[in-house]
Amino acid sequence: MFLVPISSNHISVLYVDDEPALLDLGKKFLERGGVFDVETTDSSSEVLALLQKKDYDSLISDYQMPEMDGIVLLKKVRSRYPDLPFILFTGKGREEIVIQAFDAGADYYVQKGGDIHSQFRELGHKIRLAVEKRHADRALKESEERYRNVVKDQNEFICRFRPDGIQIFVNDAYCRYFGLQEENIIGHRFIPQIPEEDAMTVRSHFASLTRNRPLGTVEHRIILPDGSVRWHQWSDRAIFDESGTLVEYQSVGRDITDRKTAELDLVKKNDELRAAFEQLTAVEEELRTSYTDLAMSQRTLEDREITLNAILQESPIPQFVIDRNHKILYWNHALAAYSGIAADDVIGTDQQWRAFYSSKRPCLVDLLVDNAQDKLPEWYLDKYEKSVLINDAYEATDFFPQMGREGKWLHFTAGLINNRNGDAIGAVETLEDITERKLREDELAREHSELNASYEQLAATEEELRNNYDELVKLEKELRESREQYRTVVEDQTELICRSRPDGTHVFVNDAYCRYFNKTREEIVGHHFQPELFFDDRKQVREMFASLTPENPVGSIRQRVIFPDGSIRWLSWVNRAIYDGSRALVEYQSVGRDITNVKIAELNLMKKNELLHAAYEQLTATEEELRTNFEDLAKSQQALRESEERYRTVVEDQTELICRFRPDGTHVFVNDAYCRYFNKTREEIIGHIFTPEIPEEDRKLIVHHFKWLTPEYPVATIDYRIIMPGGSICWQSWVNRAIYDESGALVEYQSVGRDITEYKRMEKALRLSEERYRNMVEQFSDQE
C-alpha cells in the first residue's frame, strides 16, 4: 500500500459559527484559491448529524456559540471521530481556553481579528497541515501494523525490553519457544534462566554496548523449564534518546543448539585428534559460509517474489491467484481491465466468481484447491479436460451470458501452486477471450451448411458450369482468405483505455489510446478531449451514457470516429459508470478497440456471399461425371474442416511459455512450461544467458524485431524457428514487451510465447492440398 498525497482541490471542510455573515465571508476566502470545498452551518448541535451523513477532511468551529461552545463540541466529536482534524477559530484568546482546547484534542487554534487576508491564509495553512498530518498518521499506523506483522511472523525470537528487564514487546516465535502467552511476558521482568558461567558473559556483553557502538552479538546457554540446556545466539541493539540516556534494548535471537553441539563435538574431536585440526577449521569455515549463503538465498527469494509479482501484473494475459482458503492474492491489470473489477475490490476476498457469474459458485481454481476434481462434471459438464502439459492442471471452454452485451466465450486454464513439499498452497487461473473465434466458427459452420444444401440442388450441367467453375473456386479461395484476414485483424487489436470525469475531463489514458489518436498523454489528461463522432452516431452515444445507472453501470456501443484527415474508423467501446458511496456519478472508464477492419471484412464477406449465391443461381443441370467431381469437392472441404479443427485443437491446447530477461540476455525468471519445453531446470536458465539455437536467417529478423521496440511502442509480436537439441525445427510465436525505468532506460524484456509448429505444418499441408485439388480440376477440364 502506498501513501497517497492529498489532492489540493479535494479538501472538504465543515465550518460552524453562530454568525452567518462570518460564515459567508470565511467560505468565500477559503474557496477562492480552489483548494477547499467548504460547507457551513450556524448550529453547533447540527454538526454531529452532518458528520454522520458525509466524511469531511476537517472541521472548523467557533468557541462561543449559544447551543454548545466549541470545547463541548470538540469533546463530542473526539468521542466519535478521534482522528478528524479539528481547528478552533475564535475571537476568545484567553490562555485557559487555548489550554482547554488542546487538552480536549484540538489540532490547531487560530484567533480571529486583525487582517482578514492574513487570518484566513493562516486558517487555510492550518487546515492543510492538519489534513496532511491525518494522512501521515494513518499511513504510519498502517506501516507500523505491516512491520509488526512481519516481525511477529519471523522464525527468529524478537523482543524489546527496558534496562530494568521489563519486556515491552515479544513476537510469536519468542512466546512459542518459551511456552508462554504474550500477556504473561509483556509488562513483566522476564529473563530466561542462564548458567552462572554464561551470565558474566551476558552482563559484559550488554555493558559493552554504547551510543557509538550500539550493536553486538553474543552466544550463551539457557536452561529450559524441563531442565534441558539449549544454546542461543542473540544480536542486541542498545537504543538511546537524544540526551544519550539508555532507554531500551532490542534483541533478535535464534536457537543454535545444533550448531553449537556440532562445534563442541568438533572441539572434542580436535582435542582427541590434534592432527585433524586443519580439517576441522575448514568445516567450521564451511558452516559460516553456509550461513552467509542462507542469507543470500533469502535475499534472492525476495527478489524473485518482486519479479514474479511484476510479471503477474504486467502480463497481457488476464489471470488471478487464490490461496488455499480461496482468498484472492493477485488480480492482475489485464483481468481488472477486462472484467471491469478493480484489484482493490476483490483482493483478500473469495469473490473471484463476480467476474464470470451472476451468483456465487466455485470457479475452476476453487475445485482444484479443494481437491474436488470429481465435482468438475457437476459444474462444467463435458466442457473441461486435463492439461496435457501441466500436471494437476485443467482447461475448460464455456459461454458466459452475463459478460458484456451479448455474452462472452472464454477458454480458461487452472493449475495448482505447490510448495517445496509438494503441498498445494493455492491455484492460478488464466483466461483467453475466444468470443470472436467462436462467432467465426459458428458463421463458418452455417455457411458450410448452406453450401451443402446448395450442392443438393445441383443437377446436370455442362458448358455453362465449366465456364463458372473456375470463378466459383476463385471466390471460395477469396472467402477463405477473407475469413483468415478477418480473424487475424481481430486477434491483433490492442485495447484503448481511458478514464474521464462527467464533465469530459480525462484523468487517465493508456499508451494505445495516445498512439491511436496521435496525441501525447499531456495533451489529453486534464483536458476535455473528444474525438469527432460521426453525425448519425452522436444520439446513440448520448443515449448509451444516459442509460448507465448504479444498478446497471456497464454499457457497450459501436460508433464511428472522423479523423483530422477525413478518414472514418469504427470503434467498439465498453463503458463503465463509477459512483461514490452516495450514488453520485464521479467518473467513466472506457475500454475500446478499433473494429474498422472487422466491419470491412463483414461487408466484404457479405459481398462475396452475394456473389457466391449469384453463381449458384446460374448453375443448372450437370452430367454424372461433374456430380462425382462435386463429391470430390465436398470431400476436399470436409478435409479442410478437419484440418482446421486439428489446427484449432493444437492452438487451444498450448500453454504459454513465459520468461523475463535483461538486455544482456541474462534470464531473471522462467515459468515451468518454459523449462519443460526446453528440457531445462530453472537453475540452468535463471542467472544465465540462455538462447535456443536459431537459424541464421531468423536471427537477423529477431535482432531487427527487438531494435524496433521503443518506449512509445514497447510491445510487438514475432514468429520464428528454433532448432531443438534433436535437430528438429519448431516454430514459435512470441509477444515481447520492453520494460523501461522512469528515465526511459531499457531494464528488462518480458516474453510470452507458444509453439505454433503444428499450425505452420497445417498451413503448408493446406497449400499442398489446394494445389493438388487445382491440378485435379485442370486435368478434368482437359479431359472434357
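## Surface and overall make-up

The accessible surface of the protein comes to about 45,100 Å², and 51% of that area belongs to carbon and sulfur atoms; such areas come from the Shrake-Rupley method with a 1.4 Å probe, and for residues only the protein chains shown count as cover. This is a predicted model, in which local features need pLDDT of at least 70 and side-chain atom pairs count only at pLDDT 80 or more, while totals for chains, interfaces and linings use all residues. Residues are numbered from 1 along each chain as its sequence is written, and side-chain values use heavy atoms, with hydrogens and water left out.

The protein has 24 helices and 27 strands, where helices (H or I, at least four residues) and strands (E, at least two) are DSSP runs numbered from the N terminus. Of the 784 residues in the protein, 40% are buried, a word that stands for under 20% relative accessible area, whereas exposed stands for over 50% and partly exposed for values in between (1.4 Å probe, protein chains only). Among the contacts in the protein with a separation of 6 or more, 50% are made by residues 24 or more positions apart, a contact being heavy atoms within 4.5 Å.

## A five-stranded open sheet

Strands of a sheet pair through backbone hydrogen bonds, either parallel or antiparallel. Here five strands form an open sheet in the order β7-β6-β10-β9-β8, and the pairing is antiparallel; two strands pair if DSSP finds at least two bridges between them. The edge strands, each of which pairs on one side only, are β7 (167-170) and β8 (215-223). From one strand to the next the twist averages 25°.

Within this sheet, strand β6 (residues 157-161) and strand β10 (residues 246-255) run antiparallel and are joined by five bridges. Ile 158 stands opposite Val 252 in β10.

## Helices against the sheet

Helix α7 (residues 196-207) packs on the sheet, where it touches β6, β8, β9 (229-240) and β10, and its direction makes about 160° with that of β8. Helix α8 (residues 257-272) lies across β8, β9 and β10, and runs at about 115° to β9. For these angles, axes are lines fitted to C-alpha atoms, for helices over the stretch in contact, and the angles run from 0 to 180 degrees between N-to-C directions.

## Salt bridges between strand and helix

The structure holds 38 salt bridges, each being a side-chain nitrogen of Lys or Arg within 4 Å of a carboxyl oxygen of Asp or Glu. One of them joins Arg 221 to Glu 197, with the closest N and O atoms 3.1 Å apart. Because Arg 221 lies in strand β8 and Glu 197 in helix α7, this pair ties together parts that are 24 residues apart in sequence. Arg 221 counts as partly exposed at 21% relative accessibility, whereas Glu 197, with a relative accessible area of 53%, is exposed.

A salt bridge also forms between the side chains of Glu 219 and Lys 260 (3.2 Å, N to O), and this pair links distant parts of the chain, since Glu 219 is in strand β8 and Lys 260 in helix α8, 41 residues apart. Glu 219 counts as partly exposed at 28% relative accessibility, while Lys 260, at 12%, counts as buried. The side chain of Lys 260 meets that of Glu 263 in a salt bridge as well (3.3 Å, N to O); both residues lie in helix α8, three residues apart, or about one turn of the helix, and Glu 263 is buried, as is Lys 260. Glu 219, Arg 259, Lys 260 and Glu 263 are linked in a network of salt bridges.
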